Amino acid sequence: MIKDTQVSMSGSNLLSVDWDFFFPELSYDPELRSLYDWGHQDGGIFFLHDVWYDRAAGFILNNMPLPTTSGDEATFWSRFRFARGCKLYYAESHHKIYHPRVRRKAFERIVNYDAHHDGGYKMTTEMFLEDRMVTCQNWAIAFQLSGARIETVYPRWKKWAMDVEPTPAVPMHRHQDTGDSPSRPETFDKIFVCRSGGWTPPWLDNNFELFIADAPVKDKFNLDGVRNRGWSPERLQDEVATTREMLAKWNEEIQAAEDDQ
């Protein structure tokens, strides 16, 4: 919820990074749609952890490797300039970008590298002001209303982003990433990174931790105790075996029904 936390009015620049920027989600590829036909939710043990074993089993049963990152995270930090004393804050959900420690100073610009614009979905500014609840889907509205200019940079793999993402509720410059350093190389005073575990799988948590470790700033703060979810290959094997048995049973029942006709 929005609180009247006092902030310094000196403008600064925030680099916002959602880990899902680096995880290609290919549900708009007709050949892969069934494997990526996922429901998402920000939080809860089922969406953060348990459901990923079922999703992973789908790839294994189709003789496909588990999806991984785009690889763009390896050189990501080298594309930017950071102020001396720049601090990095990280959390599970993107709504933590509105944490008082992050927004202690007012931001002039927020550049958000993200697979989603988070500028409100099926929401107007009036609806946001009435509810005043900051979430992972609308945090950009809160910052824009407080005077920040928002820029969303979509990942290169999400070529359909501008066609499928609803228009944000607030003015926002949106464009596709090129993989290069920004054409306007501003200096960032703060960094916020979220893992978005409802959208990114636990088998990549080690990669996420390495991404945080590689950030070229000294001070890094975990805002909500986000930690490695632990990925069990043994549990995945059990999930694959159970699914195979279930599919075999269904096929037997279908064949029996056809034989009776």
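**Starting with a loop**

Reader: Where is Glu 165 found?

Author: Glu 165 sits in the loop between helix H4 (161–164) and strand S5 (173–176). Helices (H or I, at least four residues) and strands (E, at least two) are DSSP runs, numbered from the N terminus. This is a predicted model, in which local features need pLDDT of at least 70, side-chain atom pairs count only at pLDDT 80 or more, and totals for chains, interfaces and linings use all residues. Residues are numbered from 1 along each chain as its sequence is written, and side-chain values use heavy atoms, with hydrogens and water left out.

Reader: What polar contact does its side chain make with Tyr 154?

Author: The side chains of Glu 165 and Tyr 154 are joined by one of 3.0 Å. A polar atom of the Glu 165 side chain also lies 2.8 Å from the backbone nitrogen of His 117. A polar contact is a pair of N or O atoms within 3.5 Å; within protein, one must be able to donate a hydrogen and the other to accept it, and residues adjacent in sequence count only if both atoms are side-chain atoms.

Reader: And Arg 174, buried or exposed?

Author: Arg 174, in strand S5, is buried without a salt bridge, and its nearest side chain of opposite charge is Glu 165, 4.8 Å away. The Arg 174 side chain has a polar contact of 3.0 Å with the side chain of Tyr 154. Beyond four places in sequence, Arg 174 touches residues including His 117, Thr 152 and Met 162; contact means heavy atoms within 4.5 Å.

Reader: Change of topic. Which residues touch the most other members of the largest nonpolar core?

Author: Leu 15, Phe 76, Trp 77, Phe 82, Leu 88 and Val 193, out of 39 residues. Elements giving two or more residues to this core include strand S1 (8–18), helix H1 (45–61) and helix H5 (205–214). H1 gives the most, six residues. A nonpolar core is a set of buried Ala, Val, Leu, Ile, Met, Phe, Trp, Tyr and Cys residues joined through side-chain atoms within 4.5 Å.

Reader: What does Val 193 touch?

Author: Beyond four places in sequence, its partners include Val 17, Trp 77, Leu 88, Phe 208 and Phe 211. A second, separate core has 22 residues, among them Tyr 89 and Phe 192.

Reader: Which residues are buried in H5?

Author: Asp 205, Phe 208, Phe 211 and Ile 212. They lie on the same side of H5 because they cover an arc of only 110 degrees around the axis. The arc is taken from the directions from the helix axis to the C-beta atoms. Asn 206, Leu 210 and Ala 213, on the other side of H5, are exposed.

Reader: Last one. Why does Leu 26 count as partly exposed?

Author: Because its relative accessibility is 23%. Leu 26 is in the loop between S1 and H1.

How values were computed
Buried means under 20% relative accessible area, exposed over 50%, partly exposed in between (1.4 Å probe, protein chains only). Lys and Arg count as positive and Asp and Glu as negative; His and the chain ends are not counted. A salt bridge is a side-chain nitrogen of Lys or Arg within 4 Å of a carboxyl oxygen of Asp or Glu.
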